Structure formats: structure tokens, C-alpha cells
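Hi everyone, thanks for coming. I'd like to take a few minutes to walk you through one model, so let me put it on the screen.

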Amino acid sequence: MAFEAPSAGITGLFGPSGCGKTTLLRCLAGLLRLPGAALRVDGEIWQEGPIFLPPHRRALGMVFQEARLFAHLSVRENLRFGLRRAKGAPRITDAAVIDALGLEPLLARAPAGLSGGERQRVAIGRALLAQPRLLLLDEPLAALDREAAQQILPRLREVSRLFAVPAVYVSHDLAEIEQIADYLLLMRPGGRIAARGELGALLTDPALPFAARRDAAMVLELRAQAYDEIYDLTTCAGAGVALTVPGWHGPAGAAVRLRVRASDVSIAKTEPWDSSILNALPARILSAETAAGPHVNLVLAVGQTRLLSSITRKSFDSLGLAVGGMVYAQVKAMALAAPG
Amino acid sequence: MPAAIPLTLELAGLSTALLLLLGVPLAWGLARGRGWWVEALGAVIALPLVLPPTVLGFYLLILLGPHGPLAPLLALAGLHTLAFSFTGLVIGSVVCSLPFMVQPVRSAFAAIGSAPWEAALTLRAAPWDAFVFVILPLARGGIVTGAILSFAHTLGEFGMVLMLGGDIPGKTEVLSIVIFNDVETLRWPEAGALAAGMAVFSFGVILVTLRAEARMARLRA
């Protein structure tokens, strides 16, 4: 197995349970020594031939599925554990981490009294303060309830960008990866990398299993353009796509990441004018993915980007749709409400 | 009799200190190790639990005696024998009490598991650093229990002491031997006073440590 991953942004490592994602991550951390493996991070050799850097010599931070906070230390002491041991002047300061993760009210407390979400936030802060050049996240939200996980996901993206720490995020939950990753490594059982590339491109690649999924979704990276105060709507655009999105998404130019479910995108053959749908985009059908079941997933080219639309096979036939045909992709604005 | 009290405390204190130095790393090796040798070593360490102390004392007497396998080694140190000496008693007590130290500490290490250890390593802690500043504090309960049990057990050891140390006043005559001798010579009040003193002392030591532990646990919660 050989692969490269970019040293910026978040790389999602996705695959079914037991395919070796965690094993791969533990090798990156140096907790496991895979004979014959070679590993370089930022040009520094971590493992090659007889060279094997033990975990404490690798500039990394790791967050496990369970927070693994040290029970005999307070939250503040936990946060400082790696900070005190990292060499040189800290690039990432405790004040900045405490602020970014909202840890101030927890500092004096013992880990035993924290909720699952609070613990994981402290664990993320502790890993960041070890001054990592690479952050390894091993299903850090898998043990949390949906609400707590949804609060942490956007913050993870934020701190990775804020402190310029690239991350590898392992998950078997595609929805999490869709929300957080810029880049995707798809792993097959047996530890093979089946595909790698930009998240958006992989999710809409007809050759991969993602586009045909019944709960398929894609990710759009847009920028806010204008905010309509009267109706509380923001116009976002990028890569030849313009969408109206509910709510405030920051000043003009702010990056907006939208996850669009294929089932929230419907198809019309002519430009709709008496519909409640605000977003109707001219699109060309690139492929039609028919899996078993009632649905057909269409991969659509809109501007320079791709969208997925999931419609019934019946509609596909009765509208007389065909690959190469021009249609209008209708995106229900309210379906774009969930941030992340 | 008066010389026996400090002698016994010295023996128990010194043995417990040595057991901490020896037993804690040994327990770590047993808790983390994989392979057939782990159980073999564990069984050897547990042997004093089931062997009659006189049997143990007998083997130690041979091992540390003037004609034992360790005799050449002792000669190098300018010694003829360690039998019937205080040093010999310390060695014997360490062997006898080893399972009382290793067992609770090993259980504590096993209960902690590898999760905090791995987390510490990924937070730039070298292995010794992770052991001293994460594993030892987390295993404190087990270590304290092991030390109390070892101390109390050494205080009361009789069979091994009699075989290996004899009863040389001021050198090897510890309290349990004094009590035995008192009874032999029908000095019941003296024996009774010493026995009661030991019972109260042991109770006090255990009570104080248990209370300290409980208070620490409350503080952490």
C-alpha cells in the first residue's frame, strides 16, 4: 500500500469497519510498527528501513475514540501535559486553544465530572497543545450522541485551519467525513487504498460507490455574496454555481461549506417558474447510476462543479431523461439550512 | 524484648522499600508482557503464598548458607554466610512478601490498561516519563495496598524467620519470635502485651491508609 496525502487541510480516511483504518493511523502515530513501511511527514522521515521514530519523538497529536484524559490531573493539567513536553517556543498557545474550544469554564475541573462532548473537546485541545505538525483523529465522535458530535465537528475544522495543523480523520460514518474533510482516502477491506482525491470529486465520481448510494450527498465550497435581511437568506456562489441559502453565513467573501443531499435535488426538464424552489440551476446529465431499488442517482455538471440528484426510476423514465441531456437541477433552499 | 521492636520495624520498613523498588517494575512487566514466560514468572512470584514458610526458609537457608550456590558470590563480598544475619532476613522477607506487593500492583496496572499509556506517548512523553507521571499516579491505590500488605506481612512472618534467622537478640530476634519464646517460657503477660500491641498497631496502620485513600478519592471526584 502506498499513498500520499496533502499536508494541509483535513484528509478523511473512510472505509468499512475492520478494514484497517485504525491500524493505519496507529502506524502513523508510531504506536504500531509495520515492518517494511515507509513514512515521511513534511519531508521528515518517521519510518524507513531501520529508522523508526518512537511516538514521543513525532510531532503529532492524537485524539482517540475515548478521550483518554488523565484521571489524576485536572483539565488544565491535562491540557498542559503535551505543551510542557514539546520542545521550543510554543506555536500554539494554551490561551488560543482554550478560547477556540471554549474550555475556560472547565479548566479547574476533574475529567471524571465532564460530559462526553466536554471530554473530547479537552482531548482535542490537549493534542493541539503538543504542537503537532499532524493531527490524527481516530473516530473522535463515534462515542458521542449526535448533538454533541454536531457541536464538535465544525470546531475541529476551525481549529485545524486556525492553527494550520493538517489532520487525518478516520471514520466509518460518511456523513461526518462529508462535513469535515477536504480530501478523501477510501480504504477497502484488507487495507488497500481504493481511491484518493478531493472530497467533492470523489463523492460525485460515477466510478466510485458513493454516487450510487441511496443517501448520497456532495459538498460545495462556496463564498458568501450578499445577505438579504428581509428574508434572512444568503446568496452564495463559486465554481459556476449560485445558491440561495437560509440564514447568515458571514460577510461577503466568507467561505461557506454546504453539504447537499442528493435526495434534496430534484429535476425539471424546463425552467421552473411557478415553484417554491429558489435554486434552479441549468445542468447536464453526466451519468445515471442505477442501483437495485426505486432510485436513480444522476451526476450533473453545473458550471465547473458537479451535483448529485436522487430521483425515482419512474420519474427518470417518464421524463425521458438520458445521459447528456440538459435539465434544471432544483435545490430546496431549506434543505441547505444545516451548517457544517 | 525492647530491641525487638525497632528491629522488627526496621526489617519491615526496609523490606517494603526494597519491595517497592523491585515489585512495581516487576508488576509492570507482568501486566504488559505477552508470552508463556509471563505466567511462569507470575507462578514463581506467587509460590510463597502456598508454600509453608518453613519450606521457604529451608531453601533460603541453603541458598544463603556457607555451602550454598551463592557462597562464591558472598565470598567476593567478603562474607561467609547470610544465614542468621539481618541482611539474610531482609532478603528472606522480600521473597516472602513479593506476591503481596506484586499482585495488587499488577491488578492496578491491568485495570489502567494501555489507553493512558498510549495517550501519554503521543503527547511527547518518553516511556519512563509516561510511567512515572501517568501510570504510577493512576496505580497509586494498588501500590499503597501492596505496600501495606507487604509491611504487615513482614511484621508477622514467623516460620521463615525462625528457619533463616534463628533468634539472635538484637540481630534476628523479631517480635513474632519474642512472642513465641515468651509463651515457651510461660511468660504469658509479656506475650499478651506484645500480641495486643501488634494487633492494635496493624489495625492502626491499615485504618490510617484506608482513610487517606478514601479522602483522596473524594477529592478527585
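I'll talk about charged pairs to begin with, and then about the nonpolar cores.

One thing to keep in mind: this is a predicted model. Now, the general idea behind the opening part is that side chains of opposite charge can pair when their charged atoms come close.

How many salt bridges does a search of the whole structure find? Over all chains, the count is 14. Let me pick out a few of them.

Have a look at Glu118(B) and Arg26(A), which form a salt bridge with their closest N and O atoms 2.5 Å apart. Why does this pair join two chains? Glu118(B) sits in helix H6 of chain B, residues 115–122, while Arg26(A) belongs to helix H1 of chain A, residues 21–29, so the bridge runs from one chain to the other. And are these two buried or exposed? Both Glu118(B) and Arg26(A) are buried.

Staying in this area, Arg68(A) forms a salt bridge with Glu66(A), and here the closest N and O atoms are 2.9 Å apart. Arg68(A) has a relative accessible area of 17%, and because the cut-off for buried is under 20%, it counts as buried. Glu66(A), at 40%, is partly exposed. If you put these pieces together, Arg26(A), Glu66(A), Arg68(A) and Glu118(B) are linked in a network of salt bridges.

On to the nonpolar side. The largest nonpolar core has 68 residues, and those with the most contacts inside it are Met62(A), Phe70(A), Phe81(A), Leu136(A), Phe109(B) and Ile135(B). Which helix gives the most to this core? That would be helix H5 of chain B, residues 86–112, with 12 residues.

Let's zoom in on Phe109(B). Leaving aside neighbours within four places in sequence, Phe109(B) is in contact with residues including Val24(B), Trp28(B), Phe131(B) and Ile135(B).

Notes. Residues numbered from 1 in each chain as written. Chains lettered and ligands numbered in written order. Predicted model: local features only at pLDDT ≥ 70, side-chain atom pairs only at ≥ 80, totals over all residues. Heavy atoms only, no water. Salt bridge = Lys/Arg side-chain N within 4 Å of Asp/Glu carboxyl O. Helix = DSSP H or I, 4+ residues; strand = E, 2+ residues; numbered from the N terminus. Buried < 20%, exposed > 50% of the residue type's maximum accessible area, 1.4 Å probe, protein only. Core = buried A, V, L, I, M, F, W, Y, C linked by side-chain atoms within 4.5 Å. Contact = heavy atoms within 4.5 Å.
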